[in-house]
Every structure is written in C-alpha cells, then in structure tokens.
Amino acid sequence: MKIFYDHQVFSWQKAGGVSRYFIELMSNLPDDIDYMLPPMLSENAYLPALGGKASSVKSWTMANYRVRKKLYEAVNQCRSSRIIAKGGFDVLHPTYYSTYFLRRRKSPYVITVHDFIHEKYPQYFSDASRVIRCKKEAVTNADRIIAISEHTKSDLVDIYGIPANRVDVIYHGASSLSAVKEPVEGVGERFVLFVGDRTKYKNFLNLAEGFMLLSTADPELRLVCAGQPFSETELKYLRGLGIADKAMARFVSDRQLAWLYANTACFVFPSSYEGFGLPILEAWSAGAPVALSKASCFPEIAGDAAAWFDADDPSAIASAIGDVIYSDEETARLKRLASKRLKMFDWGKTAALTADIYRSMA
C-alpha cells in the first residue's frame with residue numbers, strides 16, 4: 001500500500017520535532033508500506049536523509065527566509081493539491097493542520113496531533129487563531145487520529161471533546177543524532193544545556209535566574225543554549241543577572257548538537273508545556289543526565305530517569321541542577337535509569353504501530 005505525506009511542515013520548518021518525526025516515520029516504515037512525497041521547495045535539514053525519495057527537493061537563495069518560506073508554501077501546496085486530487089495512494093497523512101486538502105481528497109486520512117501549544121498559549125503566536133481554527137477542522141474530520149502522548153490525548157478529549165476511542169497514542173522514538181560529533185568552541189569545561197526556542201512558556205528566564213544562583217558559587221560553570229542567538233531583551237536580562245559573560249546561544253548543526261549533549265553536565269528542559277519532549281530522548285541517547293520541570297507530559301515520558309523541579313521557582317531549578325552536576329553518584333544513577341527507559345522509545349515501533357493504522361484504513 002502507498003501513503004502520501006504532503007508538503008506542509010517541510011515548507012516552513014528548517015529543523016524541529018515535527019519534521020524530524022515524519023522523517024523518522026518514513027525511514028522506518030515496514031517493507032509492505034510505500035510512500036510518496038510531492039516535489040518540494042524546502043530548506044529542511046532532515047529531508048536529505050530520505051535519499052532518492054527526496055530527490056526533487058530544491059531551495060532558493062533569493063530574499064530572506066521569511067519571504068522564501070511563503071513562496072515555498074504557495075508552490076508546494078499547489079503541487080500537493082494536484083497529487084491529492086489525482087489520487088494513486090491509499091492513505092493521506094498530512095504533515096500539519098492546513099485544511100486545503102479536505103475537498104480534494106479521494107482517500108481516507110490520518111492526522112498526528114503533536115500538542116496544544118497554540119490553544120494553551122495563544123498570546124505567544126501571531127498566527128494562533130488561524131492555526132487553532134484549521135487544526136480543529138483538520139483533526140475533527142480525520143478518519144483516524146494519532147496522539148504522541150497520553151497527555152496530548154487527554155487534551156484532545158478535554159479541549160475538542162473527541163471520544164477517547166478515536167485516538168491512538170503512539171510515542172516518538174529516540175532519534176539518532178550524528179555519530180560524528182563536532183565540538184562547539186567557547187562553551188568552557190563545564191556547562192548546562194538548553195535546547196530549542198525560548199518562547200515564554202519555555203521558562204528560559206527562570207532557568208537563567210536559577211543558573212545565576214549556581215554560578216555565584218561556581219564561576220566556571222556556563223549556560224549554553226542551542227538555538228537562535230539571544231535577543232536584545234534577553235541580553236539585557238542576562239546582564240541584569242550578571243551572567244551575560246557566562247551564557248551563550250547559537251544555532252548548531254546536528255553534529256554540534258550531538259557533541260553538546262554528550263559533553264554537558266546536565267541537560268535542562270524547564271518548559272511548562274510540551275506534546276512529547278523529543279530532546280529528552282536525544283539527551284538520553286547521548287548519555288546526558290536530565291533535569292525537567294514537573295509539568296505537562298514530562299513525568300509520563302521520563303518517569304524516574306530525571307531530576308525534577310518547579311519551573312516557576314528559580315531556586316528549585318538551581319537545586320535540581322546542583323543535585324545532578326555536583327554528585328557523580330546522582331549523575332550515574334540518572335544515566336543508568338535513562339538507559340533502561342530509553343528502550344520504551346523506538347522509531348521502528350513507532351512506524352510499525354502507525355503502519356497498523358494505515359492498513360486498517362486502506
């Protein structure tokens with residue numbers, strides 16, 4: 001049987017959890033499941049991993065990325081629309097929540113729900129109302145629904161009123177970062193690591209304040225952020241805390257991210273809400289001990305293999321990190337537990353369970 005994955009997330013996401021999920025899913029499908037992608041304009045970092053399946057991917061160099069992204073979305077949607085209207089596949093699996101395909105489709109479709117961030121924190125997203133509207137229509141009309149955690153399934157039931165028996169929970173797997181690691185200069189001998197964007201609900205500023213409490217007694221410790229460079233507002237805040245010279249933020253390659261995970265004293269994820277928390281698995285895979293906010297789906301995913309804190313309390317963040325980085329015994333304990341728990345999360349299992357859903361729909 002054949003599955004069609006459309007353009008959506010690959011048109012606008014250079015790197016991130018949603019596009020990584022679809023790449024890993026496609027890469028691990030059983031032999032009896034084939035798939036199609038539309039010819040795409042994209043700058044997604046993961047598409048080359050698909051080899052010949054993504055041979056039609058190209059990108060432009062004109063203008064800035066914001067302009068290019070809008071052009072990519074327009075061109076790619078036309079290409080996806082033509083394929084969807086023509087058919088020739090058994091199941092449609094849209095990669096995000098646009099509803100452009102609803103009137104054109106001839107096949108059943110399944111949709112994966114990753115989180116309810118726009119619904120819970122609309123004030124942080126300029127496109128929140130549009131995403132919320134489209135998402136609800138796309139999800140409620142789907143033939144099957146996949147949630148990436150029990151927590152996300154609960155949100156589907158509570159927020160959309162969808163019956164629980166319409167939703168299948170299928171966990172992510174542990175993504176394999178680059179086996180070749182590239183050192184990142186300037187991080188110092190010992191550092192704690194934050195990965196991803198720093199939207200307010202991610203609680204980065206609380207982490208910064210907690211780090212300040214640690215650095216007062218440990219001036220050699222550094223705070224490293226893998227992601228976009230600090231904004232002027234963030235720099236002003238870091239200067240006010242007296243830690244601007246101890247914190248750094250930069251975009252990194254997969255090779256550099258793998259090195260950061262493997263060398264950090266502790267990976268810290270202080271977010272108030274996530275649909276799954278893929279960086280937890282990435283950190284575990286690289287052997288990093290993990291400290292997490294006790295919120296959202298994190299207890300479901302991490303169990304006893306993490307140090308826990310209240311993300312609203314910088315002193316609690318500092319205490320949890322300190323318990324890890326200043327105790328070889330605690331670091332070893334968390335690594336041992338993480339190694340066991342990591343076996344729960346396998347992309348082959350993710351793909352096999354998803355393939356069962358495809359077969360049931362065809």
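**Figure 1. Capping of helix α14 by Asp 346.** In this predicted model, Asp 346 caps the N-terminal end of helix α14. A side-chain oxygen of Asp 346 is placed 2.9 Å from the backbone nitrogen of Gly 348.

**Figure 2. Length and buried side of helix α14.** Helix α14 comprises residues 347-361. The buried residues of α14 are Trp 347, Thr 350, Ala 351, Thr 354, Ala 355, Ile 357, Tyr 358 and Met 361. These residues lie on the same side of α14, because they cover an arc of only 160° around the axis. An α-helix has 3.6 residues a turn, so residues three or four places apart point the same way.

**Figure 3. The aromatic pair of Tyr 5 and Tyr 35.** The structure holds 23 aromatic pairs. In the pair shown here, the ring centres of Tyr 5 and Tyr 35 are 6.0 Å apart and the ring planes stand at 70°; the pair is therefore edge-to-face, as the angle is over 60 degrees. The two residues are 30 residues apart, and their pair links distant parts of the chain: Tyr 5 belongs to strand β1 (residues 2-5), and Tyr 35 to strand β2 (residues 34-36). Tyr 5 has a relative accessibility of 0% and therefore counts as buried. Tyr 35, at 9% relative accessibility, also counts as buried.

**Figure 4. An aromatic cluster that includes Trp 347.** One aromatic cluster is formed by Tyr 5, Tyr 21, Phe 22, Tyr 35 and Trp 347. Trp 347 is also one of the buried residues of helix α14.

**Figure 5. Lysine residues over aromatic rings.** The charged end of Lys 53 sits over the ring of Tyr 35, at 4.7 Å from the ring centre. In a second example, Lys 135 lies over the face of Phe 116, and here the distance to the ring centre is 3.8 Å.

Figure 6. Asn 76 is located in helix α3 (residues 65-86). Is this residue buried or exposed? Asn 76 counts as buried, because its relative accessibility is 0%. A polar atom of the Asn 76 side chain lies 2.8 Å from the backbone oxygen of Leu 41. When residues up to four places away in sequence are not counted, Asn 76 touches His 7, Ser 11, Pro 39, Met 40 and Leu 41.

Technical notes: Residues are numbered from 1 along each chain as its sequence is written. This is a predicted model: local features need pLDDT of at least 70, side-chain atom pairs count only at pLDDT 80 or more; totals for chains, interfaces and linings use all residues. Side-chain values use heavy atoms; hydrogens and water are left out. Rings of Phe, Tyr and Trp (its six-membered ring) pair if their centres lie within 6.5 Å; planes under 30 degrees apart count as stacked, over 60 as edge-to-face and the rest as tilted. Helices (H or I, at least four residues) and strands (E, at least two) are DSSP runs, numbered from the N terminus. Buried means under 20% relative accessible area, exposed over 50%, partly exposed in between (1.4 Å probe, protein chains only). A charge sits over a ring if NZ of Lys or CZ of Arg is within 6 Å of the ring centre and within 35 degrees of the ring normal. The expected span of a helix is 1.5 Å times one less than its number of residues. The arc is that of the directions from the helix axis to the C-beta atoms. A polar contact is a pair of N or O atoms within 3.5 Å; within protein, one must be able to donate a hydrogen and the other to accept it, and residues adjacent in sequence count only if both atoms are side-chain atoms. Contact means heavy atoms within 4.5 Å.
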